[in-house]
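Thanks, everyone. I'll take a few minutes on one structure, so please have a look at it first.

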Amino acid sequence: MLAQERAAADVAAGRGEAMGTEATMGREDDLDEKAGAFVGRLFDAGLGGFDLLTVYLGDRLGLYRQLAEKGSGTPDELARRAGIHPRYAREWLEQQAVSGILEVDDTQKPADQRRYSLPAAHAEALTKPDSLFSISPVARALVSATQALPQLLRAFRTGEGVAWSAYGSDMIESQGDFNRPWLVNLFGAEFLPAIPDVHQRLLADPPARVVDVACGVGWAAIAIAKSYPKVNVDGFDPDESSIDEARRLAKESGVDDRVRFEVRDGEDVGKEGPYDLAVVVEAIHDVSRRVHCTRRRCRALHVRGECSGVPPGWSRRAALGCYRDGDARRYLPGLRNQGGVPGRGGPSVRARVPAVLPAHALNRSSVKRGRPWSGP
Ligand SMILES: C[S@@+](CC[C@H](N)C(=O)[O-])C[C@H]1O[C@@H](n2cnc3c(N)ncnc32)[C@H](O)[C@@H]1O
């Protein structure tokens, strides 16, 4: 029943004073409008969730790749090319067309004769992992977040952490692939050269030593080694699967002679310094005992410069229209909520390190001799 109808019924039933009824109607109108908008927003999120689940299928089964490389196809053709069942191919194609991800040539044709194609702009976002428009990692992150929900429910009750490994390879790869575009395209080519003393040191002799703390699958370390041919980079992360993948990627990228990945906790890097530069990409908020870890990294190692944060990549993608600048402030806490606090011991230290660094984090002011960047 709408607010007006409720108010009219109240009056008819002799409930409420005429004077008070108008004010009540106004309040209830407002409540209906806000509730409708809120429900609409969450319903849209539900539609978006289904889109991402089907994007996951298209990504993992290679369906987008088949359409991008071999052109449009009927359900049977796509099923043959990708090695999937034709009935499932048809369901997936129809959902993708209704959702506007794929185009269909003629909806009047019988279902098995319709040809589906992937528009070039969508192929850029769904099939090119180095592109700044790449988006399929978000689908993988969402799917893998659900995998660890039982552990997360437990963690909410006990305050313990959820190990990064609990999310499986989808999360590990999606995390790497999410930052990969800006790391391989911009980190060594634009962001580090914008900090002149760091840039000079990375080019100079004796070869600089760099550490990528909480390196995940290692794209930051690889990007630095590729941009600066003299430097030696150590990448440390306690997650074994991430390190295995990082080693594979370093080899594939041809930098495994200068990039060393080790299964190590961030706190351990004190044993390996001194370093000329330490980088932490999208991980300060993930590292348990992070204040301790950061102090050790910067003070005990006499680190010359530290560049922290994911925002440069976010800002660049925001400028391309991929999302609004402020979306990082919703996405990262969302992801972090799914992730609990990884590692041992859970949230044992309340850090003053901001969970989401602002867009200006990677500039001269974030590079301080022997001191961690401590927020705006
Ligand atoms: C969000 S991922 C970021 C990975 C990578 N830097 C990237 O941008 O793709 C966070 C990483 O922090 C690592 N991590 C968690 N606790 C850590 C610790 N105490 N020391 C070092 N790394 C840690 C996790 O294993 C995970 O790989």
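Predicted model: local features only at pLDDT ≥ 70, side-chain atom pairs only at ≥ 80, totals over all residues.

The protein has 376 residues, and 38% of them count as buried. Its secondary structure comes to 15 helices and seven strands.

Now helix 11, residues 219-227. Seven of its nine residues are buried, so this helix is largely enclosed by the rest of the structure. Which residues of helix 11 are the buried ones? They are Trp219, Ala220, Ala221, Ile222, Ala223, Ile224 and Ala225.

What do these buried residues pack against? On the helical side, the partners are helix 9 (168-191) and helix 12 (240-252). On the strand side, they are strand 3 (209-213), strand 4 (232-237), strand 5 (259-263) and strand 6 (277-280).

I'll take one of these partners further. Two packed helices are described by the angle between their axes and the distance between the axes. For helix 9 and helix 11, the axes come within 9 Å and cross at roughly 20°. An angle under 35 degrees counts as roughly parallel, so helix 9 is roughly parallel to helix 11. Their crossing is right-handed.

From helix 9, the contact uses Gly176, Asn179, Arg180, Leu183, Val184, Phe187, Gly188 and Ala189. Helix 11 contributes Trp219, Ala220, Ala223, Ile224, Lys226 and Ser227. By type, the residues of this contact are eight nonpolar, four polar and two charged.

That's what I had; happy to go back to the model.

Methods: Residues numbered from 1 in each chain as written. Buried ≥ 20, exposed ≤ 12 C-beta atoms within 10 Å, placed from the backbone. Helix = DSSP H or I, 4+ residues; strand = E, 2+ residues; numbered from the N terminus. Contact = placed C-beta atoms within 7 Å. Axes fitted to C-alpha atoms, helices over the stretch in contact; angles between N-to-C directions. Parallel < 35°, antiparallel > 145°, perpendicular 65-115°, else oblique. Left-handed = near helix turned anticlockwise from the far one by under 90°. Nonpolar A, V, L, I, M, F, W, Y, C, P; charged D, E, K, R; others polar.
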